[in-house]
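This report concerns charged side-chain pairs and their surroundings. Please read it alongside the sequence and the coordinates displayed here.

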Amino acid sequence: TLIHQFLKTVFQGEEGAETCLYHMFEPTTRAYQPLEKRLAEEVKVDTHVMFGDKDWMDSEGCKRIVKEKLRANFKLSFIKDCGHQLTLEQPNILVQILLNENKKE
């Protein structure tokens with residue numbers, strides 16, 4: 001399908017999602033609010049946050065959003081045997097998750 005080809009190109013190509021994000025934001029961009037606050041209060045669309053099970057990022061805020069039901073339509077997943085670079089370390093699993101999410105719509 002077209003979405004599958006797109007996802008494969010973005011996540012498995014030489015210049016994947018990390019390069020796209022780098023060019024979208026200036027290298028000096030810094031977070032000014034914790035992710036937990038932004039996801040729980042400001043983001044109003046369905047959200048699926050994914051962490052690697054060996055990720056260096058702190059996932060506790062996202063776990064609280066789920067545990068305390070701070071917002072609807074929020075999903076949290078951990079990808080096995082993966083660090084922070086999901087697109088590079090487990091691209092096939094990531095693409096499969098995204099394709100499954102797309103089928104639900």
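## Salt bridges and their setting

Lysine 54 and aspartate 81 bring their side chains together in a salt bridge, with an N to O distance of 3.4 Å; the term denotes a side-chain nitrogen of Lys or Arg within 4 Å of a carboxyl oxygen of Asp or Glu. This pair links distant parts of the chain, 27 residues apart, since lysine 54 sits in the loop between strand E1 (47–52) and helix H4 (60–67), while aspartate 81 sits in the loop between strand E2 (74–79) and helix H5 (86–89). Helices (H or I, at least four residues) and strands (E, at least two) are DSSP runs, numbered from the N terminus.

The model is a predicted one, in which local features need pLDDT of at least 70 and side-chain atom pairs count only at pLDDT 80 or more, whereas totals for chains, interfaces and linings use all residues. Residues are numbered from 1 along each chain as its sequence is written, and side-chain values use heavy atoms, with hydrogens and water left out.

In accessibility, lysine 54 is exposed, at a relative accessible area of 55%, and aspartate 81 is partly exposed, at 46%; here buried means under 20% relative accessible area, exposed over 50%, and partly exposed in between (1.4 Å probe, protein chains only). Lys54 and Asp81 also belong, together with Asp53, to a network of salt bridges.

The structure holds four salt bridges, and three of the pairs are set out below with their N to O distances.

| Pair | Distance (N to O) |
|---|---|
| Lysine 54 and aspartate 81 | 3.4 Å |
| Glutamate 60 and lysine 63 | 3.2 Å |
| Lysine 75 and glutamate 101 | 3.1 Å |

Glutamate 60 and lysine 63 are three residues apart in helix H4, and are therefore separated by about one helical turn. Glutamate 60 is partly exposed, with a relative accessible area of 39%, and lysine 63 falls in that category at 36%.

The salt bridge of lysine 75 with glutamate 101 joins strand E2 to helix H6 (residues 91–104), so that it ties together parts 26 residues apart in sequence. Lysine 75 is partly exposed at 34% relative accessibility, and glutamate 101 is partly exposed at 23%.

Strand E2 also contains serine 77, which counts as buried at 16% relative accessibility. Leaving aside residues up to four places away in sequence, serine 77 touches His48, Val49, Met50 and Phe51, where contact means heavy atoms within 4.5 Å.
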